[in-house]
Amino acid sequence: MSTVPNPSPSRGRAHIVLIPGFAGFDPLGQIEYYAGTTDSYQRWRNAGGSPDRDVVLHYFDNLPTAGVQTRAERLRGYLAKRIARGEIQDGDTIALVGHSTGGLDIRRMLSAPAPDPLPLDGGGATDRSKATVVNVHQSEILDRVSRVVFVSVPQFGTNIADWVRGHTLLRRSVIEGLYRGVQGAVIPPLEKAISGLLADLGKLAKRPDLIKAAQDALSETIASRVDPWQRANAQEAASQLRLWLRHAADDFAAIDDLASFTKPPLNSRSPAHYSDDERQAECFQWRHNGIRTMSIATIGRRAFTFDPGKPAEPFDFLKESTWPTNEQASDADQMDISYLCAYRACAGGWFEVPPSLATVCRDIATLNTSLFDLTKLGPHGPKPGEGLAVWDNDGIVNTASMLWPNREDTLLVAADHLDIVGHYVARKTVPSPDASGRHYASYDGLKSHTSFTQDEFDHVWNGIFDFCVR
């Protein structure tokens with residue numbers, strides 16, 4: 001194994017900040033949103049990645065379902081504090097990597113007006129030697145940000161957000177039910193009842209990995225209470241899970257910010273709804289500040305057969321012909337119910353291909369498709385010369401919505417929305433579940449049968465790390 005040479009003292013450090021998307025679940029016990037990226041990063045470093053610079057990998061925990069403006073302010077505060085504390089110093093660079101909604105958070109943080117100076121803990125960071133207050137300004141963040149990577153970002157919104165907005169009562173009842181269930185899970189008889197219900201649902205739905213994830217989240221909160229360390233961890237996991245659900249029940253504004261740009265909510269401040277002029281101003285600002293961008297666009301296997309030249313009919317509970325049944329699915333025996341439902345909800349809706357991207361969608365050969373093997377998807381992907389359909393998606397985001405800001409730096413990858421952040425396989429935990437109650441460190445959250453592999457995952461993330469530091 002090769003070693004990493006000592007970094008040059010004349011060059012500042014490169015800080016790579018990974019920003020989660022909607023419902024970011026890093027705070028949930030031992031599960032990680034960006035699963036496997038630390039291992040991939042270590043392999044990249046050991047293979048000679050960034051031999052002349054010290055690189056620091058940061059994981060930022062954001063609010064799960066809050067509006068993009070709120071999430072952007074939280075991200076800005078995170079960066080400002082680290083500048084004030086000297087963790088990010090003069091001469092250092094920042095690379096922001098945002099998955100899904102995280103990419104919109106980055107855009108909003110860079111473009112939205114900010115207080116001057118930025119508010120910090122106690123109003124500022126005190127330099128005791130000079131007995132002065134150290135202030136941080138938005139310009140200091142902009143001066144340090146050199147790279148932005150968009151990973152599966154709904155730059156123009158996504159149909160699944162419109163679908164969720166149209167089922168508000170269902171969404172609220174599910175979240176409230178989960179919250180009450182977690183509250184009750186501290187009582188032993190209810191622990192068994194909830195665990196049994198999850199097991200039954202798993203059988204009913206061919207046991208998708210999302211059921212495993214739910215069982216793990218619950219098991220972690222009720223791990224052995226004999227050992228003081230395990231008891232403390234279980235209590236912490238329970239409080240984190242309750243807080244996550246409470247946040248989701250209290251502020252679900254992100255779903256409005258992710259809605260299709262053709263039908264945005266009034267007074268939206270989401271970058272998904274920016275006008276062409278606002279987008280041009282963003283790109284001008286990035287060039288002015290020396291910020292380069294890269295985009296990763298993902299496309300899953302086509303779960304259903306629709307007319308490639310027309311939008312798909314919206315998924316309607318009251319219209320049986322739109323249900324994601326096995327009879328309609330093109331490869332249903334290889335996909336679980338979570339992917340079938342999510343893909344179907346994302347396929348039909350208000351989303352339209354932006355005029356500026358129409359040519360790109362017709363000729364995807366203009367994109368970097370080094371990891372997009374058409375033969376890999378077989379009959380369940382765009383045929384050569386066919387291009388992207390408006391309903392093509394990765395299970396959560398319409399693929400055409402990801403093809404921004406420029407085609408030259410866009411990589412098209414055959415993967416679903418969770419594959420790309422490491423949740424393409426169920427990995428057993430280390431140490432054993434006896435220590436925490438959790439059985440898995442990652443899940444195949446959307447079983448799309450896209451056959452995304454470890455080598456492909458490393459290839460994508462090696463490219464991201466290289467772009468961030470060079």
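**Entry 1. The central sheet**

In which sense do β1 and β3 pair, and over how many bridges? I found that β1 and β3 pair in the parallel sense, over 6 bridges. I worked on a predicted model, in which local features need pLDDT of at least 70 and side-chain atom pairs count only at pLDDT 80 or more, while totals for chains, interfaces and linings use all residues. Residues are numbered from 1 along each chain as its sequence is written, and side-chain values use heavy atoms, with hydrogens and water left out.

I took helices (H or I, at least four residues) and strands (E, at least two) as DSSP runs numbered from the N terminus. Two strands pair if DSSP finds at least two bridges between them.

I then traced the open sheet of 7 strands, whose order is β2-β1-β3-β6-β7-β9-β8 with parallel pairing. The edge strands are β2 (55–59) and β8 (368–371), each of which pairs on one side only. Neighbouring strands of this sheet are turned by 20° against each other on average, direction ignored.

**Entry 2. Strand β1 and its neighbours**

I looked up how β1 (14–19) is placed. Toward β2, the parallel strand β1 is joined by 5 bridges, and L18 stands opposite Y59 in β2. In β3, I noted I94 as the bridge partner of H15.

I checked burial next; buried means under 20% relative accessible area, exposed over 50% and partly exposed in between (1.4 Å probe, protein chains only). In β1, 6 of its 6 residues are buried. In a regular strand the side chains alternate between the two faces of the sheet. On one side of β1 I listed A14, I16 and L18, and on the other H15, V17 and I19, all buried.

Helix α2 lies across β1, β2 and β3 (93–99), running at about 155° to β1. Axes are lines fitted to C-alpha atoms, for helices over the stretch in contact, and angles run from 0 to 180 degrees between N-to-C directions.

**Entry 3. The core around I16**

Which residues have the most contacts inside the largest nonpolar core? I found I16 and I464, in a core of 108 residues. Such a core is a set of buried Ala, Val, Leu, Ile, Met, Phe, Trp, Tyr and Cys residues joined through side-chain atoms within 4.5 Å.

Not counting residues up to four places away in sequence, I16 touches V55, V56, L57, H58, A95, V97, F465, C468 and V469. Contact means heavy atoms within 4.5 Å.

**Entry 4. Strand β6**

I located S146 in strand β6 (residues 145–151). S146 counts as buried because its relative accessibility is 15%. Leaving aside neighbours within four places in sequence, S146 is in contact with T93, I94, G290, I291 and R292.

Strand β6 runs parallel to β7 (residues 292–299), and 5 bridges join them. F150 has S295 as its bridge partner in β7.

**Entry 5. Helix packing**

Two packed helices are described by the angle between their axes and the distance between the axes. The axes of α2 (residues 68–84) and α3 (residues 101–111) come within 8 Å and cross at roughly 70°. I therefore recorded α2 as roughly perpendicular to α3; angles under 35 degrees count as roughly parallel, over 145 as roughly antiparallel, 65 to 115 as roughly perpendicular and the rest as oblique.

Helices α8 (residues 209–221) and α9 (residues 228–250) pack at an angle of about 130°, their axes 7 Å apart. That makes α8 oblique to α9. I found the contact made by A217, E220 and T221 of α8 with A234, A237, A238 and L241 of α9.

For helix α12 (residues 337–347), I found 9 of its 11 residues buried. The cover over these buried residues includes α5 (159–165) and α8. G349 follows α12 and has a positive phi near 160°.

**Entry 6. Backbone exceptions**

Most residues other than glycine have a negative phi, and most peptide bonds are trans. I noted a cis peptide bond between D116 and P117, with omega about 0°; P117 lies in the loop between α3 and β4 (125–127). The bond from W404 to P405 is also cis, with omega near 15°.

Where do the residues A23 and H449 lie? I placed A23 in the loop between β1 and α1 (37–46), and H449 in the loop between β11 (440–442) and α16 (454–469). A23 has a positive phi of about 65°, and H449 one of about 60°. At 18% relative accessibility A23 counts as buried, whereas H449, at 31%, counts as partly exposed.
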